[in-house]
Amino acid sequence: MLEVGKHALLRGLLPLIMLATLSGAQFRCPEPKGYFPDPEQCDLYYACLDGQPEERLCKDGLVFRDDNPKKEFCDIPANVPCGDRTILQDPQPSKGCPRANGIFSHEDPAACDRFVNCIDGVVQVVPCPPGLIYEPKMSTCVWPQDSSRLCENQKRDVLDDGFVCPDGDVAGPSGRILPHPTYPHPDDCAKFYICKNGVVPQKGQCDPGTVYNEESFRCTEPEYVQGW
């Protein structure tokens with residue numbers, strides 16, 4: 001009975017084994033040696049040696065980069081034009097990661113200024129540079145006006161004294177927009193605020209003997225400050 005059961009099990013597995021190797025058997029190497037994409041599945045590719053293909057699969061979340069048949073390289077989808085190769089393996093999600101590998105939007109929709117980097121299912125939250133937001137179509141951080149996202153509820157940094165960077169551009173003495181505008185402190189003329197990229201507030205302190213000059217946007221001697 002045991003021997004019969006073993007043969008029955010093998011007969012049941014045989015169609016599955018044949019199905020798993022069917023795509024590899026159908027693929028024909030365009031060159032005797034190299035790495036070539038599957039025509040339908042973007043994370044599937046073949047390593048060809050002496051004209052014989054061996055089926056290989058990128059890690060979940062990555063796709064095969066086919067711009068150089070001499071290199072075996074899987075990359076994030078934003079860097080690879082898959083075209084008609086729209087099929088992907090089933091995702092292997094984990095907490096914070098929709099797939100095991102890749103760069104993705106933060107799970108909090110209001111956290112536009114950060115993203116998650118997933119490596120083998122382990123998530124790492126990464127902040128964008130000041131003033132930028134994460135753009136999922138490009139898997140990188142961009143200026144808000146260059147993004148397809150609407151982040152009206154984006155969280156803003158607030159200092160411990162309640163200061164928040166004001167909205168809008170600030171023109172300097174020459175008429176040019178200041179990339180990191182400064183603002184006077186309401187109570188101390190030797191202190192000021194800096195808004196990195198116009199959005200991230202930091203505290204500033206003038207050197208001894210100088211005060212903040214609102215007209216020049218920097219610290220100067222008191223006699224150069226109007227009304228001093």
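## Y183 and the nonpolar cores

Leaving aside its neighbours within four places in sequence, Y183 is in contact (heavy atoms within 4.5 Å) with F163, P166, V170, F192, Y193, C195 and Y212. Y183 also belongs to the largest nonpolar core, whose seven residues are L159, F163, C165, V170, Y183, Y193 and C195. A nonpolar core is here a set of buried Ala, Val, Leu, Ile, Met, Phe, Trp, Tyr and Cys residues joined through side-chain atoms within 4.5 Å, where buried means under 20% relative accessible area, exposed over 50% and partly exposed in between, computed with a 1.4 Å probe on protein chains only. Apart from this core lies another one, of six residues, including C29, F36, L44 and C48. In soluble globular proteins, nonpolar side chains tend to be buried together.

## Model and overall make-up

This is a predicted model, in which local features need pLDDT of at least 70 and side-chain atom pairs count only at pLDDT 80 or more, whereas totals for chains, interfaces and linings use all residues. Residues are numbered from 1 along each chain as its sequence is written, and side-chain values use heavy atoms, with hydrogens and water left out.

The protein holds one helix and 15 strands, these being DSSP runs (H or I of at least four residues for helices, E of at least two for strands) numbered from the N terminus. Of its 228 residues, 32% count as buried. Among contacts between residues at least 6 apart in sequence, 33% join residues at least 24 apart.

## The largest pocket

On a 1 Å grid over the protein atoms alone, a pocket is an open set of points where a 1.4 Å probe fits, with protein on both sides within 12 Å along at least five of seven lines, and its lining residues have an atom within 4 Å of a point. Grid points are joined across faces, edges and corners, and the volume is the space filled by probe spheres set on the points.

Its lining comprises 35 residues, of which G131, P144, N197, G198 and V199 lie nearest the centre. These lining residues divide into 20 nonpolar, six polar and nine charged, with Ala, Val, Leu, Ile, Met, Phe, Trp, Tyr, Cys and Pro taken as nonpolar, Asp, Glu, Lys and Arg as charged, and the others, Gly among them, as polar. Domain 2 (102-146) and domain 3 (156-227) each supply at least three residues to this lining; the domain bounds come from an automatic or database assignment.

## The second largest pocket

The second largest pocket has a volume of about 170 Å³, and is lined by E31, K33, G34, Y35, A47, C48, L49, P69 and K70. The elements that give two or more residues to this lining are β1 (34-37) and β2 (44-49), and β2 gives the most, with three. By class, the lining holds five nonpolar residues, one polar and three charged.

## Loop residues

N101, in the loop between β5 (74-75) and β6 (102-105), is buried, with a relative accessible area of 7%. Not counting residues up to four places away in sequence, N101 touches K59, D60, G61, L62, C118, I119 and D120.

D120 itself is found in the loop between β7 (114-119) and β8 (122-127) and, at 47% relative accessibility, counts as partly exposed. Although D120 is not a glycine, it has a positive phi of about 50°. S139, in the loop between β9 (133-135) and β10 (140-142), is likewise not a glycine and has a positive phi of about 55°, but at 16% relative accessibility S139 counts as buried. Most residues other than glycine have a negative phi.
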